[in-house]
Structure formats: C-alpha cells, structure tokens
Amino acid sequence: MDSQTKTENCLGWAATDPTGVLSPYKFSRRPLGSDDVSIKITHCGVCYADVIWSRNMLGDSIYPLVPGHEIAGIVKEVGSNVQGIKVGDHVGVGTYVNSCRNCEYCNDGVEVQCVKGPVFTFNHIDVDGTVTKGGYSSHIVVHERYCFKIPSNYPLASAAPLLCAGITVYTPMMRYNMNQPGKSLGVIGLGGLGHMAVKFGKAFGLSVTVLSTSTSKKEEALSLLGADNFIVTSDQEQVKGLSKSLDFIIDTASGDHPFDPYLSLLKSAGVYALVGFPSEIKFSPASLNMGMKTFAGSVTGGTKMIQEMISFCAARKIYPQIEVIPIQYANEALERLVKKDVKYRFVIDIENTLK
C-alpha cells in the first residue's frame, strides 16, 4: 500500500454512540501485509447485525463503529505471498476476517467455528489489537484466506448478500442434506435469510413451503421466489394441515415464537435448523424424541462452503432480491430493516455514492 497508509486513508460511515446514527468518518486501514488483499469496496449488504452493534444492543459495541459484513468489491493490490487472487479480481468478504488458522476447525475450512473464535469483520479485536471496521467504507485490507472469488459475470451488488444472508442458510442446508430433490422444506420467516432459503430450496429440487405470520408476502413468495406453498401461521387449520409433512425446516425468525407447533410439521427423522436468534428456545422433549427429530443451530459458514456457495449461485443464476441504495440512505435503511420493510436485502452502492 502507498505512503498514505499511516494517514486517514479510508472513508466510511460510522456510529459514534448507542443512538446508532451513522455519519461520515475517516480512519486508517492497516498496511498491506504479504498475505493480504486490498479491496476497493463497491457494494455492502445491510444486515440486522448492523443494527444490533450500531445501537449497542448487546452492550459490547466499540465506537466509532463502522458496520457491514456483506462486502463485495474489486482487488486493487495484493501482498507478495498471495497466490490465488490477482489485481482486478472480483471478491467478497463475509462475517469474519481472521481466525487462528491452526485448530481442527480452521484446518478443515470451517473457520467460523475456530476454537479461539473467529475475528468478526467489524466491532472485534483483531490479532494486532486494532478494532475491525466493516464494509460501510471505501476499502478493506484482509488476509487472502477470508476473501472469496466472485465470477466476473455475477453482479457485485447481488453477490454482497450471499456473504451473510446466503451462507447462513446454505450452510445448514448442505450440512443436513437438504439438497435432495423431491424432499420438502419449510421456511419460517421471509426476510433476507428466508428468501434465500426459498431460492436454494427450489434450486435443490425441493418442495418449498413458506411459513409466515402475515399474508403480505404471499404473492411474491409464490410468484417471484417460486415457493410451492404459503401458510399463514396464525391460521391453526392451515398449520394442522401440514402436520408431519416436511422433511426439513429452516427457521430464520429472531422474534420469540413457539417451537412445538413447527416441530409437529416435521416427518419422523426430520431436521429443524435454527439460524435466527430468539431470546429463548423452549419446546417439549416429546416434540423431538417421539419422532426421532433433530433440532440444530447454525450460523454462517467456513471458507470452503462460502466459495462453494458463490460458485453454485453463479452456475445456477441464483440472485438475491435486492434494493440498491446510496450510503446517504443508510440510516433510513436501518430503520426500515427494524420495521421489516425491505424486499429482501438492502445493498449499499459504495462505489458511486461514498464520496
């Protein structure tokens, strides 16, 4: 990197206190190391994590805080040891930017489960003691291991949400063999994560049922996303009609909700994968034991799985439904996200609006 490294060489938008209001902020990225890639960020997806940490909802936010962990851009410089990535390549960066690279999980390409914990892309302490800052910024410097190649014919704006929303549902779907044509999948919640679960489910040849609290997204779920069935969960008769009919459920809902009624929809030996974060999980042991059912948790994925997913999306032409916004709209976007007023992922056009 150039001689400006020790000056404020990066422009971003940051929250400076728990109100979470974002405003322009200049800071320094680290110098390019021999294993690093410097990326000009073109797009960054807007995830609910950006709301959580911008507003200190978990009590551990470090200000000034630059959010954003669905990053897509173009490589502008590579370190001397970098082999698989070159200047000009399209790449993505997801929810973590470092790990120990030495434990059994890192060695298996599942760095998100690193024994020492992955270093998250923003609001985390990196190995050099600095606080990580995310993708609401002009560029980022990342070890090549945590950069993912995006085919040049896959739009960068569409690629950004794959790095969190996409991989969060793809990982449990692959881990629990939810890619068997002819099987049935239920998707709870139709937001950024849920709509990708529907798209992956259809690409895998599954019969997909969306389980939602309201009818507002029914038409789009069926016509735009290609779901086979749409159930309003407040309608007990509709829910009972699905009893013991699903092989798999992906639960993306983070609001508190009952689990027993949904577990009753699984066939014997069915798998229920939770990727949302409700405040508690509570269900009767009989809901699990009597049907030999599996209840599993999952977060994002390892580097191998992320690259596999990106390649799969490019090959099958699977694209998130996005609303591209300027960085100046970021605060409004976060408010709309809280109100679930987005179909289905905001993506910030960093390249053309961050000035």
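This is a predicted model: local features need pLDDT of at least 70, side-chain atom pairs count only at pLDDT 80 or more; totals for chains, interfaces and linings use all residues.
Is helix 4 (residues 165-175) mostly covered or mostly open, and how many of its eleven residues are buried?

Residues are numbered from 1 along each chain as its sequence is written, and side-chain values use heavy atoms, with hydrogens and water left out.

**View 1. Helix 4 and its cover.** Helix 4 is mostly covered, with nine of its eleven residues buried. Buried stands for under 20% relative accessible area, exposed for over 50%, and partly exposed for what lies in between (1.4 Å probe, protein chains only). Helices (H or I, at least four residues) and strands (E, at least two) are DSSP runs, numbered from the N terminus. The buried residues of helix 4 include Ala165, Ile167, Tyr170 and Met173. Among the elements that cover them are strand 10 (184-188), helix 5 (192-203) and helix 10 (303-316). Just after helix 4, look for Asn177, which takes a positive phi of about 55°.

View 2. The protein is divided into domain 1 (8-162 + 301-347) and domain 2 (164-295), with bounds that come from an automatic or database domain assignment. Their contact takes 24 residues from domain 1 and 22 residues from domain 2, where contact means heavy atoms within 4.5 Å. The centres of the two domains, taken over C-alpha atoms, are 27 Å apart. A nonpolar core is a set of buried Ala, Val, Leu, Ile, Met, Phe, Trp, Tyr and Cys residues joined through side-chain atoms within 4.5 Å. The largest one here has 88 residues, and Tyr136, Leu185, Phe200 and Ile250 have the most contacts inside it. Domain 1 and domain 2 both give residues to this core, so it lies between them. Leaving out residues up to four places away in sequence, Leu185 touches several residues, including Met173, Ala197, Val208 and Phe248. A second, separate core of 16 residues includes Ile188, Val239, Phe259 and Tyr262.

**View 3. Aromatic rings side by side.** A search of the whole structure finds 14 aromatic pairs. Rings of Phe, Tyr and Trp (its six-membered ring) pair if their centres lie within 6.5 Å; planes under 30 degrees apart count as stacked, over 60 as edge-to-face and the rest as tilted. Phe200 and Phe204 are a stacked pair, 6.5 Å from centre to centre with 25° between the planes. Both Phe200 and Phe204 are buried. Tyr272 and Phe295 are also stacked, at 4.9 Å between centres and 20° between planes. Tyr272 lies in strand 14 (residues 266-274) and Phe295 in strand 15 (residues 294-297), so this pair ties together parts that are 23 residues apart in sequence. Tyr272 is buried at 0% relative accessibility, while Phe295 is partly exposed at 22%. Ring pairs also link Tyr170, Phe200, Phe204 and Phe312 into a cluster.

**View 4. A charge over a ring.** The charged end of Lys133 sits over the ring of Phe27, 5.9 Å from the ring centre. For this label, NZ of Lys or CZ of Arg must be within 6 Å of the ring centre and within 35 degrees of the ring normal.

**View 5. Thr215 in its loop.** Thr215 is found between strand 11 (207-212) and helix 6 (218-224). Thr215 is exposed, with a relative accessible area of 53%. Setting aside neighbours within four places in sequence, Thr215 is in contact with Phe230 and Val232.
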